[in-house]
Amino acid sequence: MSSPLHIGVIGVGGIARTHMPGWAESPLAEVFAGADLSAENLDRWGEEHGVDPKRRYADPADLIADPDVDVVDVCTPSSYHASLTIAALEAGKHVLCEKPLAPTPGEIERMIAARDASGKLLMTAQHMRFEAANRAAKREIEAGRLGDIYHGRAWWLRRGGVPNSPGFIYTKNSGGGPCIDLGVHYLDLALWLMGHPTPVSVTGVAGKPIASRPGAFSDWADGSVIPDDMDVEEFAAGFVRFDHGASLTIEVSWLLHHPGNEQRLWLYGDRGGLCLPDATLHYDDNEKMQRYDVQLKRTTQPRRGWAEECIAFAEAIVEGRLSPVPPEESLAVQRVLAGLYESQKTGREVRLDG
């Protein structure tokens, strides 16, 4: 293994840009190679980050086969995550893979099997776990400030925010719409903060009522008409039950007639409630018959979660620790989202526990 770790990035546009500050700031990592289908994008990226032209690959298989690459950072559209990750693990590389780890539970199960066979680390890039407000919330929950969490509400609602690119709006590339793009963030965050309860059932709906209207448009990338052949949902909502009796509702949309771009996660316990990203705690003192609303103190964090996750992964590899976001936790998230899609098809609650 190289010192520092040699990082190879597959898919250098889009989300990969958010990873680069973390790799640059980690003393344990060095961006060493890149692969992308666009030669123009690859060369521009390579020049910006000082990557040797000989390590700029048109075919990701060549990057994976490079014996000097230690870590593969998969930043492609979702439907390509599983095949690239499995190939990299089989080649003896550690893998950081963008969210969702894969669009289906079956693919994630195969990725876990490949990880087990390789003995390498696999991490899902769930950057919200690494944001200062969310870490502060985790500390409060672990200190018992909420007590037993019995219900949560999560939503990410955009108005006019369909990402009009093939990587997002066609199932063959993405595996789904805002469930895959947005819902995976807040579902993962909720399960992490709740202590990873086991989901046992989900009821859900999904569709594209606005995108199907003639002339429907998105404000994404300076505005454009939504293609008629977009085949993923624009809106979804679900109700999840957990094995210990708790529940969670989730709503996601790219195109809702709702002001702005609103993100919220509320968690309710028998001792207190907590709201993110506001990072506020709400609780009662029954002896004094007083109610309190408190702004949580956040540890100073000069870097965003995207950078922090890369730094944490490099540290875990070098120090021989467990993956900061293990794939088993992503499997639980994807089982819920797959169940939501199945519930939309059948019109019934879907059991997730067998």
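This is a predicted model: local features need pLDDT of at least 70, side-chain atom pairs count only at pLDDT 80 or more; totals for chains, interfaces and linings use all residues.
**Sheet.** I looked up the strand order first. Six strands form an open sheet, in the order S3-S2-S1-S4-S5-S6, with parallel pairing. Strand S3 (56-57) and strand S6 (122-125) stand at the edges with a single partner strand each, so one side of each has no neighbour in the sheet. I then checked strand S1 (residues 5-10) against strand S2 (residues 29-35), and they pair in the parallel sense over six bridges. Ile10 stands opposite Ala35 in S2.

**Helix pair.** I turned to helix H4 (residues 81-90) and helix H5 (residues 105-118), which pack at an angle of about 10 degrees with their axes 9 Å apart. Angles under 35 degrees count as roughly parallel, and H4 and H5 are therefore roughly parallel to each other. On the H4 side I listed His81, Ala82, Thr85, Ile86 and Leu89; they meet H5 residues including Met111, Ala114 and Arg115. By class, this contact of H4 with H5 has five nonpolar, three polar and three charged residues.

**Salt bridges.** I found 23 salt bridges in the structure. Arg115 forms one with Asp116, at 2.7 Å from N to O. Arg115 counts as buried at 16% relative accessibility, whereas Asp116 is exposed at 51%.

Glu131 and Arg304 also meet through their side chains, at 3.0 Å from N to O. They lie 173 residues apart, Glu131 in the loop between S6 and helix H6 (132-142) and Arg304 in the loop between strand S16 (290-295) and helix H10 (305-319). Glu131 counts as buried, at 13% relative accessibility.

My last entry is a network of salt bridges that links Glu25, Arg303 and Glu308.

Note on methods
Residues are numbered from 1 along each chain as its sequence is written. Side-chain values use heavy atoms; hydrogens and water are left out. Axes are lines fitted to C-alpha atoms, for helices over the stretch in contact, and angles run from 0 to 180 degrees between N-to-C directions. Helices (H or I, at least four residues) and strands (E, at least two) are DSSP runs, numbered from the N terminus. Angles under 35 degrees count as roughly parallel, over 145 as roughly antiparallel, 65 to 115 as roughly perpendicular and the rest as oblique. Contact means heavy atoms within 4.5 Å. Ala, Val, Leu, Ile, Met, Phe, Trp, Tyr, Cys and Pro count as nonpolar, Asp, Glu, Lys and Arg as charged, and the others, Gly among them, as polar. Two strands pair if DSSP finds at least two bridges between them. A salt bridge is a side-chain nitrogen of Lys or Arg within 4 Å of a carboxyl oxygen of Asp or Glu. Buried means under 20% relative accessible area, exposed over 50%, partly exposed in between (1.4 Å probe, protein chains only).
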